[in-house]
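Here's a quick tour to read with the model open beside you.

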Amino acid sequence: MEKSLDRKLAEIHADPHGSKAFILADAKDADMAFGLASPGRSPEAHSGEARFRTLGEYRQIIRDMTASELVDIMLMSVSTSDALTIRERLFDASPVTPAIRANDTTDIHVAQGGVYPKQPARPFRTALLDHAQCGHLDCTSDERVLGANLGLYSVTFNNDTALDHRTLEAYREFRVEAERKGFRHFLEVFDPNAPVHPIATEQLGRFINDMIVRALAGVAQAGRPAFLKMVYHGPAAMEALVAYDPHLVVGIMGGSAGTTYDAFKLLGEARKYGARVALYGRKINQAEHQLAFTQFLRYIADGQIEPEEAVRAYHGVLQGLGIQPSRKLEEDMQETTGITSYGGTGRTVSTGSSVRPQSTVRSTVIPKPAPTPRPRVTISESAAPVSSNGWPTRPDGSVDFATMTPDQRLAYHRQRLSQL
């Protein structure tokens, strides 16, 4: 089955400046970092006990998310991919591309009481590409298509010659093996987790951009990453990297869980300034309703709704489903800063002001929306066509969220969720 990732990458490369294609990934590879806490907290109450989901529950969420087709990539550990991709054949009839975390540098070794994330990252790789591709060593050429053929490779530059030299050497070794085995990868670039020589905050975005360009300058097309995953350092840094090479497809990482507005605003801002990929892990995994949350990420990624309106609509959906939100709407509309490293040792990033103006916040759970920018095709509310289901549509038949009433939005999203 054609994978949406391949189609969208082809569209982006065919028209780097005009394509509106946006790739969305769910990062369900947390067991490569967090141990027992990886699946996230159980939604049920346990009298104050910090009870986490089981691995089985975590994998069921992966099945549900894949069936929804809301994301283009499902990122997993090799062990989970072995169970779902190879043995269960979950992705055979799906447009979603399975991917694995191909390495696990020491800055993502986050164990309770551990200190590794506080020390400069060192390259390390648990995963074997043969295991990812066919489930055992020494795959035959025919077997290499049985499993995942896309992986995330992570690097962390700490502004130290010896450390960064070893990081680049390990990445080169990986690329050689991957190319020989027909394995694609995308490159994750963390901010320094424990820089040996400090980098000024205002120079960090440029430092990361320069390290990416320098690391890939000596790599021919056959060995280059399909796209990047990196911290969003603001409009200037994003636009500079995208302008430098429009075929270097840039993606952002979601970072640690924060408010719903944090997640939605980050995606909207990065997309506006040139990002074409977003990989969200903890922000999805800690949402009150992961499918509903991801549905709104999809709307934002496709330019159908603004982040502010998405937060209000998401709260409306939670109310309609009888789910108690983790935060009141007023709190969930706040913009905070997010930790950029797994272990919480990295710097923080903000897409703009630290707090949304209170004038944009409504006190009811399903509020009347504040004015938002109109879609690209401007039509008046009175002239908006109406679908057979009763909500307004654009001339091309797509749903016109900007002219929806709160009741229409709730009805629409409840129907959409019932079909997932």
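What follows is a short briefing on this predicted model, grouped by topic. The chain has 420 residues, of which 53% count as buried, and its secondary structure comes to 13 helices and 10 strands. Taking contacts between residues at least 6 apart in sequence, 66% join residues at least 24 apart.

**Helix H5**

- H5 runs over residues 161–180, and its 20 residues reach 29 Å from the first C-alpha to the last, close to the 28 Å expected at 1.5 Å a residue.
- Its buried residues are Leu 163, Asp 164, Thr 167, Ala 170, Tyr 171, Phe 174, Arg 175 and Ala 178. They sit on the same side of H5, because they cover an arc of only 145° around the axis.
- In general, an α-helix has 3.6 residues a turn, so residues three or four places apart point the same way.
- Packed against those buried residues are helix H4 (129–134), strand S4 (150–156), strand S5 (184–190) and helix H6 (201–216).
- On the face turned away from the buried side you'll find the exposed residues Thr 161, Ala 162 and Arg 180.
- At the start of H5, Asp 160 has a side-chain oxygen that reaches to within 3.3 Å of the backbone nitrogen of Ala 162. After the helix comes Gly 182, with a positive phi near 65°.

**Helix H3**

- H3 (residues 78–87) has 7 of its 10 residues buried, so it is largely enclosed by the rest of the structure.
- Those buried residues are Val 78, Thr 80, Ser 81, Asp 82, Leu 84, Thr 85 and Ile 86. Their cover includes helix H2 (55–68), strand S2 (73–76), strand S3 (97–101) and H4.
- Arg 89 follows H3 and has a positive phi, near 60°.

- Lys 283 is in helix H9 (residues 282–285). It's buried yet has no salt bridge: the nearest side chain of opposite charge, Asp 262, is 5.9 Å away.
- A polar atom of the Lys 283 side chain does lie 2.6 Å from the backbone oxygen of Gly 254. Beyond its sequence neighbours up to four places away, Lys 283 touches several residues, including Gly 255, Ser 256, Ala 263 and Phe 293.
- Ser 19 lies in the loop between helix H1 (4–14) and strand S1 (23–28), and at 9% relative accessibility it counts as buried.
- The Ser 19 side chain has a polar atom 3.2 Å from the backbone nitrogen of Ala 21. Leaving aside neighbours within four places in sequence, Ser 19 is in contact with Glu 11, Ile 12 and Arg 276.

**Salt bridges**

- The count comes to 25 salt bridges.
- Lys 28 and Asp 26 pair up at 2.8 Å, N to O, and both residues are buried.
- Glu 57 and Arg 51 meet at 3.2 Å, N to O. Glu 57 is partly exposed, with a relative accessible area of 33%, and Arg 51 is partly exposed too, with 25%.
- Asp 210 and Arg 206 meet at 2.9 Å, N to O. They are 4 residues apart in helix H6, so about one helical turn separates them. Asp 210 is partly exposed at 38% relative accessible area, whereas Arg 206 counts as exposed at 57% relative accessibility.
- Arg 125, Asp 130, Arg 144, Glu 177 and Lys 181 are linked in a salt-bridge network.

Definitions and conventions. Residues numbered from 1 in each chain as written. Predicted model: local features only at pLDDT ≥ 70, side-chain atom pairs only at ≥ 80, totals over all residues. Heavy atoms only, no water. Helix = DSSP H or I, 4+ residues; strand = E, 2+ residues; numbered from the N terminus. Expected span 1.5 Å × (residues − 1). Buried < 20%, exposed > 50% of the residue type's maximum accessible area, 1.4 Å probe, protein only. Arc of directions from axis to C-beta. Contact = heavy atoms within 4.5 Å. Polar contact = N/O pair within 3.5 Å; in protein donor to acceptor, adjacent residues only side chain to side chain. Lys, Arg positive; Asp, Glu negative; His and termini not counted. Salt bridge = Lys/Arg side-chain N within 4 Å of Asp/Glu carboxyl O.
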